Amino acid sequence: MIKYNHITKHLLLVGLGFSLITNQAFTNSLYATTKEMQQRSQAKLLTDKGNQQLRLGLPVEALDSFKEATKIYQQMKYNEGITGSLINQSLALQALGLNSRACKTLLPALNINADDWICNSSLESSEELTEKLVAKIIKQETGSSVTLLGLLNLGNVLRQLGKLKESEIILQKALLLAKQTSSAQVSTILLSLGDTKRYIYKQFKDRFAVIEEPISQQQTFNVVQENATEAIQLYQQVIEDSNSSFENKASSQANLLNLLVTYDKWLKKWLSQSNYGKII
C-alpha cells in the first residue's frame, strides 16, 4: 500500500467537497436525458471511489479513477465536472509527490494555457506575472466554488514547489473571493495561507543565519518576524472560527504550536547575542 503525503491530507476535504459540486447541476436539471443521468451516476461513482482510495493511501488507484471520471465529463461536455475531476487528479498527483505534474494539471482546470514558468520550480517568476495570472483566472469565473477550489489547490501545490510568493499571492486572492461570497472555504484557505507564511518564515530564518551584512540582517530579521506573526494570526483565526471544521482546527493548533516553539527558540538564540540583540 502506498502511503500518501501528509501534506495533502487536509486537501482531501477539497476533493470530497467537490464530489457534491460536480453533480449538483445535473441533480437540479429537469431536462437531463437518461444517458446523461447514467453518465453522471458513473462519474459520481468513480469520484467517490477515487476519494475512498485516497483515504486508504492508494493515490495511484485514485488517479486512475479520477481520470476515468474526467473522460466521462469530457464526453458529456460538462465543464464543471471536467474542472472538478482535474482538481481531484491534482490531489492524487500531490499525494504521489508529483507536484509539478499536479500544478500543470490544475492550469486547464482554471482555463489557463500551459504557463510553464509557474509550475517549474527552477524558473523564477515575478510578482507582476503572478498577479496577471490570477487576474486572468478571476476574470473568467469570479467567486465560483470551482474557482475557489482551483485557486486553493494551486496555492498549495506551488508551496510544495517552493514558489512561496506565488502561493501567497494566489491564496490571498482566493481568500478575498471567499470572503466576498461567504464561502465555506474561508477557514481552509486561511489554514493554507498560514502554512505558506510559515514556510516563508522558515526560508528567511535559515537565510538570516548566514547573513553578515548589517542592513541585510535587519531586513531579513524583519521578514522573519513579519511572516511568523502573520502565520500565528492566521492559525488563530481558524481556531477561533466557529465555522471551521474539526480537521482545520486540529491542523491549525498543531502548526501553531510548532511555530511558536521554533520561533521562540530562534528569537532567544539571536537576541541573546549582543551583536544581534541590537537588531530590533
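The exercises below work through salt bridges and helices in a predicted model.

Residues are numbered from 1 along each chain as its sequence is written, and side-chain values use heavy atoms, with hydrogens and water left out. Because the model is predicted, local features need pLDDT of at least 70 and side-chain atom pairs count only at pLDDT 80 or more, while totals for chains, interfaces and linings use all residues.

**Exercise 1.** Find how many salt bridges the model has, and describe the one between Lys 165 and Glu 168.

*Solution.* Start from the rule, in which a salt bridge is a side-chain nitrogen of Lys or Arg within 4 Å of a carboxyl oxygen of Asp or Glu. By this rule the count is 7 salt bridges. One of them joins the side chains of Lys 165 and Glu 168, with 3.6 Å from N to O. Next, locate the two residues: both belong to helix α9 (residues 164-180), where they stand 3 residues apart, about one turn of the helix. Helices here are DSSP runs of H or I with at least four residues, numbered from the N terminus. An α-helix has 3.6 residues a turn, so residues three or four places apart point the same way. Finally, compare accessibility, where buried means under 20% relative accessible area, exposed over 50%, and partly exposed in between (1.4 Å probe, protein chains only). Lys 165 is partly exposed at 40%, whereas Glu 168 is buried at 7%.

**Exercise 2.** Determine which helices are tied together by the salt bridge between Glu 230 and Lys 197.

*Solution.* First, check the distance: the closest N and O atoms of Glu 230 and Lys 197 are 2.4 Å apart. Then place each partner, with Glu 230 in helix α11 (residues 214-240) and Lys 197 in helix α10 (residues 186-208), so the pair ties together parts that are 33 residues apart in sequence. As for accessibility, Glu 230 is partly exposed with a relative accessible area of 24%, and Lys 197 is buried with 4%.
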